[in-house]
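Open the model in your viewer and keep the selection tool at hand. The tour below goes from stop to stop, saying what to select and what is there.

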Amino acid sequence: MSKHTWFKEFSVPTYEQWREAAEKSLKGASFDAKLLTYSYEGIVRQPIYRHEDVETLPHLEALPGEAPFHRGNQQPDEQKEHKWHVCQEIIATSAKAFNQAAVDDLERGQTMLHLLVDQAALAGLDPDEALPDTIGHKGVSVFCREDVEQAFQGVKLSEVPLYVNTGALGLPILSLILAHVEATGQQVSELHGCIGQDPVAVLLTEGKLPCSLQTAYNAMASMTKWAKDHAPALKTILVQSNPYQDGGGNAVTELAFSLATGVDYLQAMLERGLSIEDIAPRMQFSYSIGSDVFMEIAKLRAARMLWSNIVAAYGGSTEAQKMTIHARTSAWTKTIYDPYVNMLRSTTEAFSAVIGGADSLHVSAFDEAIRPANEFSRRIARNTQIILQEEAHLAKVIDPAGGSWYVEWLTDALAKKAWELFQQVEAQGGILSALEAGFPQGLIAQIAEQKATSIDTRKNRLVGTNMYPNTAEQPLQAESLPSIHEERAAEARSLRLKQNATLVSVSLDELAKHTDEFVPHAVKAVLHGATVGDIAKAMKREDSVETIIQPLRIHRASERFETLRIQADDFLKTTGKRPTVFLATMGPVAKHKARADFASEFFAVGGFDVWRKQAFSTTVEAAEAAVASGALITVICSDDASYPEHVPPLAQAIKQRVPQMTVLLAGLPDAEQMATYKAAGVDDCIHMRSNCYEMLRELQERIGVSS
């Protein structure tokens, strides 16, 4: 038998035949309820996909490296592996500490250097002018050329690409790096990677900009013009979608709002004399990758496809239509309890980023939500990427998801939803107008609330947090990096005394006059001793208009349940014992086990100590044991058939002895039975549809664990 005739021996069933067989296997259960999946994006996913589902999709014929680039930017005939850059964030406060970690990590598999700059520098402030808690906060304290020299000591920037988010006003940080390159005899033409400016991301997280939007866009235009002429492989415009996911948004909002931001940046640069061919190749997008594996794969593919269409509409060439994507595993999905599970979360998220075609990737350290990553957690995160490259061989195939009927259908469905929302934003005048009106913030808040409800009711499961808690775990010790405010402020004051004030002043005056040629004047000023604060002040001399919006609420999915656990832990420290729940398990094991197991886990996720000593044959024994336990909560556990006999006398006996005892029932009786049980003293019931978080929060308040 020839291999070409293998499958001809079997008939191909129709969808109707398959569905009929599936419905029989469900034995009367609803097909839609059991087999359809409803996503937060409003997309209904089927249990099976066929060629008929994708045969009309217009983009399906495109090969990798062809517009609209949903299959990636690399041509199939390019003789190289499709390796992405290992671009791990390095958490440090000082340039020296950053350099030590960077040199070590570059020797151990990192291929792109990711410099996180602290909040003070991003705001354009020197350490002696900034608030103490912004110096070294979320990044390296960098305010002068000497800091950059120390940070990059021993690193050849011609060989190592950079990834630097320069905030709303990118020129101060860029000028420090360029001055370092010039002073050390390196060639700026060899710089590659992204030193990118993103004022909208600052607005989203901070609610305001450290400069006017006009100044930010003038700096962006100047940086982009300079890069086009002097560092063609360097990207200067960054579009970060991460805040939308960190605020609780979904894939549709991330795509639509990031694309709208990209369009605003295109428009602003076109108005300042750049062409689409100058702008688009110097833009980089950044996305957080969540836990929905296939949705995240489709998100990156849809992003490239939609961006290609947008740039084409502006008249951009095929080359200009390519989107460069940096991905990071989601901060929103990480937990502080059972933190080693975060390694698994990051692995699946990294897999999605790779299959989706990310060009560079940061994998979160497992302790990211608790403390700054140490050498061990950095190594595990970095090696996750290296295993995907070297052992799983994911870099050897271009677009491994290509041709999957499910992935292709999902990419198209997601792209359509995102395009619809993108058009709504454009109809409001663009992303900035929409943000000022609060439209994205309101939509993100609605989605975040939907997600919170699913987590509270445990339809959405967070392993180790709202399900399957490790009650015996020893939490990781929270740590923070030491304050460096006084040291850095003194260094800033000392540097000012050493400056050639005249040369710095003249250079800054020239910078302020030449808004179309910011970069060379800024670099000259830095070489004369100017600082981040000096550059920022010179650029903002004419500022008068503030841009203020309502920021997004950045948070993690697990925070509400973590608060319950923290309050229970504090109660233990104060009283010497955890809040306690007594299980009154009635009858044989077969009758009470399922509900006792459910109740045990239900309360464990809130930090309660569950007492499950024995099964009781009489309500008298159960009532005496409940009272003797000293617990303030008792849960009655048995089967529905036994409840009419056991519940009323047991609840009455407990309430007579301890009136303040909360008596709960495991299960969901009908309304008539529940009324009878409540009349006997039962306060409420717990069941699969309970809002676990709300009930545990109310119980903690009732028994004095929280106020």
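A crossing of two helices is called left-handed if the near helix is turned anticlockwise from the far one by less than a right angle, and right-handed if clockwise. Helices (H or I, at least four residues) and strands (E, at least two) are DSSP runs, numbered from the N terminus. This is a predicted model, in which local features need pLDDT of at least 70 and side-chain atom pairs count only at pLDDT 80 or more, while totals for chains, interfaces and linings use all residues. Residues are numbered from 1 along each chain as its sequence is written, and side-chain values use heavy atoms, with hydrogens and water left out.

**Stop 1: two helix pairs**

Select residues 341–356, which are helix 13, and residues 375–390, which are helix 14. Their crossing is right-handed. The two helices pack at an angle of about 40 degrees, with their axes 10 Å apart. Axes here are lines fitted to C-alpha atoms, for helices over the stretch in contact, and angles run from 0 to 180 degrees between N-to-C directions. Helix 13 and helix 14 are therefore oblique to each other; angles under 35 degrees count as roughly parallel, over 145 as roughly antiparallel, 65 to 115 as roughly perpendicular and the rest as oblique.

Which residues of helix 13 and helix 14 make the contact? Helix 13 supplies Met343, Thr347, Ala350, Phe351 and Val354, and helix 14 supplies Ile380, Thr384 and Leu388. Contact means heavy atoms within 4.5 Å. By class, this contact of helix 13 with helix 14 has six nonpolar, two polar and no charged residues. For these classes, Ala, Val, Leu, Ile, Met, Phe, Trp, Tyr, Cys and Pro count as nonpolar, Asp, Glu, Lys and Arg as charged, and the others, Gly among them, as polar.

Next select helix 8 (residues 213–230) together with helix 10; their axes come within 10 Å and cross at roughly 75 degrees. That makes helix 8 roughly perpendicular to helix 10. Show the side chains of Tyr217, Met220, Ala221 and Thr224 in helix 8, and of Asp264, Tyr265, Ala268 and Met269 in helix 10, which make the contact. The residues in the contact of helix 8 with helix 10 divide into six nonpolar, one polar and one charged.

**Stop 2: aromatic rings**

The structure holds 17 aromatic pairs. Rings of Phe, Tyr and Trp (its six-membered ring) pair if their centres lie within 6.5 Å; planes under 30 degrees apart count as stacked, over 60 as edge-to-face and the rest as tilted.

Select tryptophan 18 and phenylalanine 31: their ring centres are 6.1 Å apart and their planes are at 85 degrees, so the pair is edge-to-face. Tryptophan 18 is in helix 1 (residues 15–26) and phenylalanine 31 in helix 2 (residues 31–35), 13 residues apart. Are these two residues buried or exposed? Tryptophan 18, at 28% relative accessibility, counts as partly exposed, and phenylalanine 31, at 4%, counts as buried. Buried means under 20% relative accessible area, exposed over 50%, partly exposed in between (1.4 Å probe, protein chains only).

Move to tyrosine 244 and phenylalanine 257, where the ring centres are 5.2 Å apart and the planes at 50 degrees, so the pair is tilted. Tyrosine 244 lies in helix 9 (residues 242–246) and phenylalanine 257 in helix 10 (residues 251–271). Both tyrosine 244 and phenylalanine 257 are buried.

To finish this stop, select Tyr49, Phe294, Tyr406 and Trp409, which form one aromatic cluster.

**Stop 3: backbone details**

Zoom in on alanine 67 and proline 68, which are joined by a cis peptide bond with omega of about 10 degrees. Proline 68 sits in the loop between strand 2 (44–45) and strand 3 (85–86).

Lysine 138 is not a glycine, although it has a positive phi of about 60 degrees. Look for lysine 138 in the loop between helix 4 (119–122) and helix 5 (145–151). With 60% relative accessibility, lysine 138 counts as exposed.

**Stop 4**

Select histidine 114 in strand 4 (residues 113–115). At 3% relative accessibility, histidine 114 counts as buried. Not counting residues up to four places away in sequence, histidine 114 touches Cys87, Gln88, Glu89, Ile90, Phe98, Tyr163 and His326.

Aspartate 684 is partly exposed, with a relative accessible area of 31%. Its C-alpha atom and that of valine 663, 21 residues apart along the chain, are separated by 7.1 Å.
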